[in-house]
Amino acid sequence: MAQSAGVGATERTLEAAAEVGFDLAGVAPCAPPPDAPRFEAWLDAGHHAGLDYLAAERARIVDPRRVLAAGRSIVMVGLAHSRPAFRLADGGRIARYAAGRDYHNVVGEKLLKLARLLQREGLVRERRRVVDAGPLLERSHAARAALGFPSKAANLLHPEFGPWFFLGALIVDAELEPASAPAAGSCGSCRACIDACPTGAIREPGLVDAGDCISYQTIENPGPVPHALRGSIAAWAFGCDICSEVCPWGRSSPDLGARFGTHRALEAATLIDLLLDRDDTRWNGSPLQRPKRAGRARNAAIALGNVPSDRGRDALLAVLTVDHEPLVREAAAWALAHAHRDDGGVRNAVLAALEREPDGDARAGMRRTVETELAPRSTV
Ligand code: SF4
Ligand code: SF4
C-alpha cells in the first residue's frame with residue numbers, strides 16, 4: 001500500500017538525502033517523464049548503436065511503475081565529482097569521472113543508506129534503487145526533480161557543478177511532493193559542445209548519436225571501433241570529456257578529486273600499461289573494469305596510434321601477432337599503420353600480420369587498415 005506523505009515528509013526525505021552525503025536531491029512523480037516520447041524517437045531512429053538493452057527494456061525504462069509497481073515518487077539524487085583533467089603518465093586520457101572509485105558503488109551505497117533511513121523513520125516501505133544503466137530515464141526524472149536543466153549535449157547542467165555530477169534514483173511507495181518548478185538556467189545561444197565534439201556525435205541540440213560518441217565506443221562497444229572514428233579518438237583511452245570541458249557551466253565547480261580518489265591501477269599508469277596488462281583483477285572497483293582487458297587494450301592501442309612514440313611502437317609490435325585477443329591484434333595493426341606508415345619495418349610487420357591473422361573479423365579489419373592507412377598517398 002502506498003505511504004501517504006506530504007510536504008513534511010518530502011522535506012525530511014530531502015534532508016535525509018543531504019545527511020547521507022548527496023549534494024543534490026529532488027522529487028519527481030513516479031510516471032513516464034515529459035520527454036519519454038523523445039527517448040522513444042531516439043531509439044526508433046537507431047541512435048542507440050549497440051545499446052540493445054535500451055530497446056529491449058523500452059517499456060520498463062519509460063514507465064518507472066513497471067520497475068516498482070507500488071512506486072509513487074522518485075527521489076532523484078546527485079553527487080558531484082568535479083576534478084581537474086586526468087592524464088596518464090604518457091598523455092593518455094581517461095574521463096575524469098573514471099579516475100577514481102566506481103561511482104556505481106559509491107552512489108549505490110549512499111542510496112542504500114538513504115533507503116534504510118527512510119524505512120526506519122516510517123516514510124517508505126517499498127523502494128528500488130537505480131544507478132545508471134538501470135531501467136530508468138534518470139536525466140529526465142532528474143530534470144523534473146529540478147536537479148538541473150537539460151543541455152544541448154544531452155546531459156543535465158547544474159548552476160554550480162555544471163555537468164560534473166552523478167545521478168541516482170530511489171523509487172519509493174510514498175506520495176511525496178514533486179519539485180514545483182524546473183531548475184533555472186539554459187544553454188542560451190551557446191553551442192560550444194556541438195562545435196567541439198570531434199566526431200560530430202551531437203547531431204542536433206540535445207541529440208547524441210551513441211555510435212559516433214567516443215564514450216560509447218571506448219566503454220560500451222565490445223567490438224572493433226569503426227575505422228572512420230579512430231583518428232578522432234585522439235588520446236582518449238576511456239570515455240571523453242570534451243563536451244563537458246568546453247561547457248561554460250560548472251567552470252568554477254569545486255575540486256572534489258579526493259572524494260573518489262585515484263584508483264591504484266591508474267597511479268603512474270601509461271597507455272602502454274593498459275595495452276600490455278592482462279590482469280583484470282587489478283581493475284576491481286574501477287569503472288575501467290567495464291570494457292574488460294580486451295576493450296582497455298584496444299582503446300590503448302588506438303590512442304597509441306594517435307600519439308606516436310618509439311616505446312608505443314615497440315609495445316604495439318609486441319602484441320601485433322601474439323596477443324590472444326583478435327580485437328587487440330587488429331587495433332594494434334591500425335595504430336602501427338596510422339602512426340608509423342613511413343617506417344618500412346612497421347609496414348612489413350603489418351602486412352605479415354595480415355597474412356598470418358587467423359581470425360576472420362580481425363583479418364577484415366587489418367585489410368581495411370592496409371587499404372586506408374598504407375595505400376600510396378595521392379600526389380595531386
Ligand atoms: S563525449 Fe565526446 S564524442 Fe561524445 S558527444 Fe561529447 S564530445 Fe562528442
Ligand atoms: S557547451 Fe554550451 S551548448 Fe553545450 S551544454 Fe554547455 S552551455 Fe549548453
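These notebook entries record what I looked up in a predicted model of one protein.

**Entry 1. Conventions**

I noted that the model is predicted, that local features need pLDDT of at least 70, that side-chain atom pairs count only at pLDDT 80 or more, and that totals for chains, interfaces and linings use all residues. Residues are numbered from 1 along each chain as its sequence is written, while chains are lettered from A and ligands numbered from 1 in the order in which they are written.

**Entry 2. Overall form**

I looked up the secondary structure and found 17 helices and 11 strands. Both are DSSP runs numbered from the N terminus: helices are H or I with at least four residues, and strands are E with at least two.

I then turned to the dimensions. Along the principal axes, the C-alpha atoms fill a box of roughly 75 × 40 × 40 Å.

Next I recorded burial: 48% of the 380 residues are buried. A residue is buried if 20 or more other C-beta atoms lie within 10 Å of its own, exposed if 12 or fewer, and partly exposed in between, with C-beta atoms placed from the backbone.

I also looked up the contacts, where two residues are in contact if their C-beta atoms, placed from the backbone, lie within 7 Å. Among contacts between residues at least 6 apart in sequence, 76% join residues at least 24 apart.

**Entry 3. Two domains**

The domain assignment gives domain 1 (1-262) and domain 2 (263-370); such bounds come from an automatic or database assignment. I found 31 Å between the domain centres, taken over C-alpha atoms.

Ala, Val, Leu, Ile, Met, Phe, Trp, Tyr, Cys and Pro count as nonpolar, Asp, Glu, Lys and Arg as charged, and the others, Gly among them, as polar.

**Entry 4. The largest nonpolar core**

I looked up the largest nonpolar core, which has 111 residues. Such a core is a set of buried Ala, Val, Leu, Ile, Met, Phe, Trp, Tyr and Cys residues joined through C-beta atoms within 7 Å. Met 76, Leu 275, Ala 301, Ala 332, Ala 335 and Leu 336 touch the most other members. Helix 15 (residues 326-340) gives the most to this core, with 10 residues. Each of domain 1 and domain 2 contributes at least three residues to the core.

Apart from neighbours within four places in sequence, its contacts include Ala 25, His 141, Leu 147 and Leu 167.

**Entry 5. Surroundings of the ligands**

A residue is near a molecule if its C-beta atom, placed from the backbone, lies within 6 Å of it. Around ligand 1 I found, among others, Cys 197, Cys 213, Cys 240 and Cys 243. Helix 8 and helix 10 (242-245) each give two or more residues to this shell, which divides into nine nonpolar, two polar and no charged residues.

The residues around ligand 2 include Cys 187, Cys 190, Cys 193 and Cys 247, as well as Lys 152 and Arg 191. This shell has nine nonpolar, one polar and two charged residues.

**Entry 6. Single residues**

Is Arg 139 buried or exposed? I found it buried, because 20 C-beta neighbours lie inside 10 Å. Arg 139 is in helix 6 (residues 138-144) and touches Asn 155, Leu 156 and Leu 167, not counting residues up to four places away in sequence.

Ala 17 lies in helix 1 (residues 7-19) and is buried, with 27 other C-beta atoms within 10 Å.

Ala 268 has a phi near 65°. The loop holding Ala 268 runs between helix 11 (257-260) and helix 12 (271-276), and Ala 268 is exposed, with 9 other C-beta atoms within 10 Å.
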